[in-house]
Amino acid sequence: MLKLIERLGSIAAEQAGETLTLPFEARMRGRLKAVSDAGRELGLFLDRGPVLRDGDGLRAESGEVVRVQAADEPVVTARIEGALALARLCYHLGNRHVQLAIAGDAQRGWVRFPPDHVLEELAERLGATLEHHAAPFDPEPGAYGQAEGHGHGHDHHHHQASAHVH
C-alpha cells in the first residue's frame, strides 16, 4: 500500500504519477483506505482539517505524487440570472448551513448542492431553475478556513433570547 502523508496543495496534472478520484464526503477525511484510478491500494495518513480539493497533490513516503480528482456524484445545480438574484440565492441556501459550490459568468450564476427537496423548493421559490445530474461537488471552503474540516467553523454563543435555530 502506498502511504500518502503530505498535502501539496494544487498541482498540475503532469506533476503526478497517478490520480485518486474521490467524492466530497471522502475528501473531508484525513485517514482513508482507497484505490487509485489505476487500481493501486493507497492509504491517506494526513493531518486533520483541510478538505482535499479537486487538483490537490499528495506526496507518499516514497516521494511519489498522487493528484486528487473530485468524483462525479449526485448534485442539484440551481441556475439564476443576475448578481443580486445569485447573492440572494446564496444567502438563503447558506443560511441553512449546507455546503455550496458557487460559480457562473457575468450573465448567469449557479449554486450546486447535494439533493435535498427542501433546498430545491427554496431555490425554485427564489427564481432558480434546477438541474439534477452527476457532477463534481467541490464546495466553497468558507470564510473561516478549513481548520474544522466541515466549512462551519464559527462559534455560536447563544443566549436565552436567541432565535437562531439549526
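**Notebook: Asp37 and its surroundings**

I began with the side chain of Asp37, which makes a polar contact of 2.7 Å with the side chain of Thr21. The model I am reading is a predicted one.

I then looked for a further polar partner. The side chains of Asp37 and Thr19 are joined by a polar contact of 2.5 Å.

Next I listed what Asp37 touches, leaving out residues up to four places away in sequence. The list holds Thr19, Leu20, Thr21 and Gln69. I checked Gln69 separately: 32 residues of sequence separate Asp37 from Gln69, and their C-alpha atoms lie 9.7 Å apart.

Where does Asp37 sit among the strands? I found Asp37 in the loop between strand 3 (31-35) and strand 4 (41-45).

I turned to the chain as a whole. I counted three helices and 10 strands. Read from the N terminus, the order of elements is β-β-α-β-β-β-β-β-α-β-β-α-β.

I noted burial for the chain: 37% of its 166 residues count as buried.

Last, I looked at contacts between residues at least 6 apart in sequence. Of these, 67% join residues at least 24 apart.

Key
Residues are numbered from 1 along each chain as its sequence is written. This is a predicted model: local features need pLDDT of at least 70, side-chain atom pairs count only at pLDDT 80 or more; totals for chains, interfaces and linings use all residues. Side-chain values use heavy atoms; hydrogens and water are left out. Helices (H or I, at least four residues) and strands (E, at least two) are DSSP runs, numbered from the N terminus. Buried means under 20% relative accessible area, exposed over 50%, partly exposed in between (1.4 Å probe, protein chains only). Contact means heavy atoms within 4.5 Å. A polar contact is a pair of N or O atoms within 3.5 Å; within protein, one must be able to donate a hydrogen and the other to accept it, and residues adjacent in sequence count only if both atoms are side-chain atoms.
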